[in-house]
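This briefing walks through selected features of one chain, topic by topic. Please keep the sequence and the structure at hand while reading.

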Amino acid sequence: MSASGSKARTVSAREGASFEVLPGRADRGLVILCDHASNAMPAEYGTLGLPEEQLKRHIAYDIGVEPITRALSAALGAPAVLSRFSRLLIDPNRGRDDPTLIMRLSDGAVVPGNRKLDAAEREKRARLFYDPYHAAISAVIDQCVATGVSPVLLSIHSFTESWKEFTRPWHVGILWDSDPRLARPLLDEFYAQADLIVGDNEPYSGHLIGDCLWQHGTSRGLPNAIVEIRQDLIREASGQAAWTERLIQVMQKILGTERTPVHSLAATNGTGQAIVEPAAARQGARLER
Ligand SMILES: [Zn+2]
């Protein structure tokens, strides 16, 4: 931060029961999101009736993404917002009215504590966990926008190396909906890395109305994309460090001045409508994104 910068140009660290804000420059042009950072369960919910080991699986959170988000935020000087509760409690990357907001069954595991939920309990979880997380994101974005530099939203997720019988070949996937401004340069940068198999809206589509980026990116007109990293590559610290470094390099290029700034890229393609037909929704895809 420059000496002339005002306090408002720094997003401060902040914590709530359901979220954590990592500090960064409000005028950095980037907000990092990590919806599935944690497998933590509030004490009153125990394990939702699941065996303890189920909470260590991908059904409870995105393996490997929390340390990457922290390191990326620090390296780029960009604010980040992480969730502090398991997606099994309530999934922050779903619309508030989405039927998969609270999963009764996830990748073969029945979630006993979610089987018989009345409206009051659903509302309680939304009010105590889901809403404050999204309010924190909105507040960070508001502060960034107030500097005059609109941020791009980069959401960090991980996916399982196989789904049902299918072994997923991609090392990384870029998920996006209708706005190519961040997704296209991300795809280009990863395509340029010869050792990677890169998915364009694989292993599933970024078109999900009501999801986190739809709420905070699409609906506000901010460039946005999800980076999905295959979880076996980032289960250990060494892989997390390697992928953090890849993301640092990629995002520095995208945010830097040596190429077209992301904000000046056309939001639409030559036909005027940059709608990518999402890859066919795969059975079960919504269960674990
Ligand atoms: Zn995820």
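How many residues does helix H1 have, and how far does helix H1 reach from its first C-alpha to its last? In this predicted model, helix H1 runs over residues 65-76, which gives it twelve residues, and it reaches 16 Å between those two C-alpha atoms, close to the 16 Å expected at 1.5 Å a residue. The points below begin with this helix, then turn to the sheet, the nonpolar core and several loop residues.

- The buried residues of H1 are Val65, Glu66, Ile68, Thr69, Leu72, Ser73 and Leu76, and they lie on the same side of the helix because they cover an arc of only 160° around its axis.
- As background to this pattern, an α-helix has 3.6 residues a turn, so residues three or four places apart point the same way.
- The cover over the buried residues of H1 includes strand S3 (19-22), strand S4 (24-25), strand S5 (30-34), strand S6 (80-83), strand S9 (152-159) and helix H5 (237-255).
- Leu76, which belongs to helix H1, counts as buried because it has 21 C-beta neighbours inside 10 Å, where the cut-off for a buried residue is 20 or more.
- When residues up to four places away in sequence are not counted, Leu76 touches Arg28, Leu30, Ile248 and Met251; the C-alpha atoms of Leu76 and Leu30 are separated by 8.8 Å, although these two residues are 46 residues apart along the chain.
- H1 is followed by Gly77, and the phi of Gly77 is positive, near 70°.

**The sheet**

- Eight strands form an open sheet with mixed pairing, and their order is S2-S3-S6-S5-S9-S14-S12-S13; strand S2 (14-15) and S13 are the edge strands, each of them pairing on one side only.
- Strands S5 and S9 pair in the parallel sense over four bridges, and Leu30 has Val152 in S9 as its bridge partner.
- Strand S12 (residues 172-175) is covered on both faces, with Val172 and Ile174 buried on one side and Gly173 and Leu175 buried on the other.
- S12 pairs with strand S13 (residues 198-200) in the parallel sense over three bridges, and in this pairing Gly173 stands opposite Gly199; the chain crosses from S12 to S13 through helix H3 (residues 180-191), and this β-α-β crossover is right-handed.
- S12 is also joined to strand S14 (residues 224-230), here by four bridges and in the antiparallel sense, with Ile229 in S14 as the bridge partner of Val172.

**The nonpolar core**

- Which residues have the most contacts inside the largest nonpolar core? They are Ile32, Leu186, Ala225 and Val227, in a core that has 67 residues, and the largest share of this core, eight residues, comes from H2.
- In soluble globular proteins, nonpolar side chains tend to be buried together.
- Leaving aside its neighbours within four places in sequence, Ala225 is in contact with Leu154, Ile174, Leu175, Trp176, Leu182, Ala183 and Leu186.

**Loop residues and backbone angles**

- Is Asn201 buried or exposed? Asn201 is buried, because 22 other C-beta atoms lie within 10 Å; this residue is placed in the loop between S13 and H4, and its phi is near 55°, a positive value in a residue other than glycine.
- Pro203 has its place in the loop between S13 and helix H4 (212-216), and the peptide bond that leads from Glu202 to Pro203 is cis, with omega near 10°.
- Asp107 lies in the loop between strand S7 (105-106) and S8, and its phi is near 45°, again a positive value in a residue other than glycine; with 15 C-beta neighbours inside 10 Å, Asp107 counts as partly exposed.
- Arg115 is found in the loop between strand S8 (109-110) and helix H2 (119-146), and Arg115 is exposed because 11 other C-beta atoms lie within 10 Å, where the cut-off for an exposed residue is 12 or fewer.
- The C-alpha atoms of Arg115 and Met103 are separated by 8.4 Å, with the two residues twelve residues apart along the chain.

Key:
Residues numbered from 1 in each chain as written. Predicted model: local features only at pLDDT ≥ 70, side-chain atom pairs only at ≥ 80, totals over all residues. Expected span 1.5 Å × (residues − 1). Arc of directions from axis to C-beta. Contact = placed C-beta atoms within 7 Å. Core = buried A, V, L, I, M, F, W, Y, C linked by C-beta atoms within 7 Å. Pairing = 2+ DSSP bridges. Right-handed = clockwise from strand over helix to strand, strands pointing away.
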